[in-house]
Amino acid sequence: MLNILDEIKGTALASLQEIKNEDDLNQWRIKFLGRNSELMLVFSKLSSLQKEERPIVGKAANQVKKSLEAALIERQEMIRQANLQKSLSSDKLDVTLSGRRIPHGRLHPVTLTLREITHIFADMGFQVYRSREVETDEYNFQLLNFPPNHPAREMQDSFYIATQEDRGDNPILLRTHTSPGQIHAMREYSSKNPQNPPSIRIILPGMCYRYEQISSRYETQFTQVEGLAIGKNIKFSDLKGTLSDFARRMFGQSVRTRFRASHFPFTEPSAEMDIECFLCGGTGCSVCKGTGWLEILGCGMVHPVVLKNGGYDPEKYTGFAFGMGPERITMLRHHIEDIRYFWANDLRFLEQF
Ligand code: DAH
């Protein structure tokens, strides 16, 4: 019996050395320590042994059992360690690697320009006035001194929402410019104190719509920034000073400006402001088409009829207005050759700003 126990111990421990994974280890446990193992057979045979042999064999069998159990635990731990090492070396985590960049949105290039413009005028005391994008013909044209068949109306082919058939001579349309906001603002301000309306200093940024043949230079939607200053004793020199200062803050302190006579129905006199081409410094290049100047905005002294339509007595009040296109300014600054990029939602374009 003792020999058998020795043999059991020998084979069990020897085969344990070969075992490399948990499954085999479990098999080993069943084979050598399980209910039907040879060792357990020895225990069950104890009762049939001679009385004096029993404690000796019993003790020896117990020792074998204990040493097999201890060897099992040791082997188990070894396999666990080996597995851990293996997974540590194969799933290596390099904590010094720089993280993956999370893509985050950014501001639209026109928004950036709009913010800059707003900032500059805010510094000069102008407030932002928001006006509606859906307008009546009355506000978009008539109150701004466009007579019903004035040729200037043809410049601004409109998107009509309710046609002339439904609304007679006051159809509803998407605003073709931010100028109708001038009337809304003046009427709001003057209604506060009709006898002595307060002065106004506002800019009116927003989206405009025109029924254009889309090309690299024309889009059916675009932004404008309108400006309006109304008060007593506002002169053309105030207009020139304000806009020249704006140009210097926007395009650089040394930039030169020039004003050319122009025509708009809602201003008299009217002008357009050019700035010295900031790309060639005025010597002439492809962007300024060799002229050395870039046209930036339209402006003028608010027409007496428009002042009156807004509730301001043109005998007592004067004012100036201007309108500019942030897309055009952004295109000039960044050498963008096609206006259609702005609203095409192409990330390759938008991510560059
Ligand atoms: N509303 C004009 C346009 O869309 C731009 C403009 C010109 C606005 C002169 C003004 C202005 O306020 O004084 O072409």
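Modeller: A residue is called buried when its relative accessible area is under 20%, and exposed when that area is over 50%. Please keep in mind that this is a predicted model.

Colleague: Then is Ile120 buried or exposed?

Modeller: Ile120 has a relative accessible area of 8%, which is under 20%, so Ile120 is buried. Its place is in helix H5, which covers residues 109-123.

Colleague: Which residues does Ile120 touch, leaving out those up to four places away in sequence?

Modeller: Ile120 touches Phe246, Arg249 and Met250. Asp245 is 125 residues from Ile120 in sequence, yet their C-alpha atoms are 9.2 Å apart in space.

Colleague: Let us turn to the ligand. Which residues come nearest to the ligand?

Modeller: There are 15 residues around the ligand, and the nearest are His177, Ser179, Arg210, Gln224 and Glu226. In the side chain of His177, an N or O atom is 2.9 Å from a nitrogen atom of the ligand. For Arg210, a polar side-chain atom lies 2.8 Å from an oxygen atom of the ligand.

Colleague: And what about Ala321?

Modeller: There the backbone takes part: an N or O atom of the Ala321 backbone lies 3.2 Å from an oxygen atom of the ligand.

Colleague: How much of the ligand does the protein bury?

Modeller: The ligand taken alone exposes 360 Å², and the protein buries 91% of that. The ligand takes up the space of the largest pocket. Strands E6 (221-231), E9 (293-302) and E10 (318-324) are the elements that each give two or more residues to the shell around the ligand.

Colleague: Where does His303 lie?

Modeller: His303 is in the loop between E9 and helix H11 (304-309). Its relative accessible area is 18%, so His303 also falls under the 20% limit and is buried. The side chains of His303 and Asn145 make a polar contact at 3.4 Å. Beyond its neighbours within four places in sequence, the contacts of His303 include Pro265, Phe266 and Glu268.

Colleague: Which form does the peptide bond from Glu268 to Pro269 take, cis or trans?

Modeller: That peptide bond is cis, with omega near -5 degrees. Pro269 belongs to strand E8, residues 267-276.

Colleague: One last topic: what is the phi of Lys289?

Modeller: Lys289 is not a glycine, but its phi is positive, at about 50 degrees. Lys289 sits in the loop between E8 and E9. With 65% relative accessibility, Lys289 is over the 50% limit and therefore counts as exposed.

Technical notes:
Residues are numbered from 1 along each chain as its sequence is written. This is a predicted model: local features need pLDDT of at least 70, side-chain atom pairs count only at pLDDT 80 or more; totals for chains, interfaces and linings use all residues. Side-chain values use heavy atoms; hydrogens and water are left out. Helices (H or I, at least four residues) and strands (E, at least two) are DSSP runs, numbered from the N terminus. Buried means under 20% relative accessible area, exposed over 50%, partly exposed in between (1.4 Å probe, protein chains only). Contact means heavy atoms within 4.5 Å. A residue is near a molecule or strand if one of its heavy atoms lies within 4 Å of it. A polar contact is a pair of N or O atoms within 3.5 Å; within protein, one must be able to donate a hydrogen and the other to accept it, and residues adjacent in sequence count only if both atoms are side-chain atoms. Accessible areas come from the Shrake-Rupley method with a 1.4 Å probe; for residues, only the protein chains shown count as cover. On a 1 Å grid over the protein atoms alone, a cavity is a set of points where a 1.4 Å probe fits but cannot get out, and a pocket is an open set with protein on both sides within 12 Å along at least five of seven lines; lining residues have an atom within 4 Å of a point. A molecule sits in a cavity or pocket if more than half of its atoms lie within 2 Å of its grid points.
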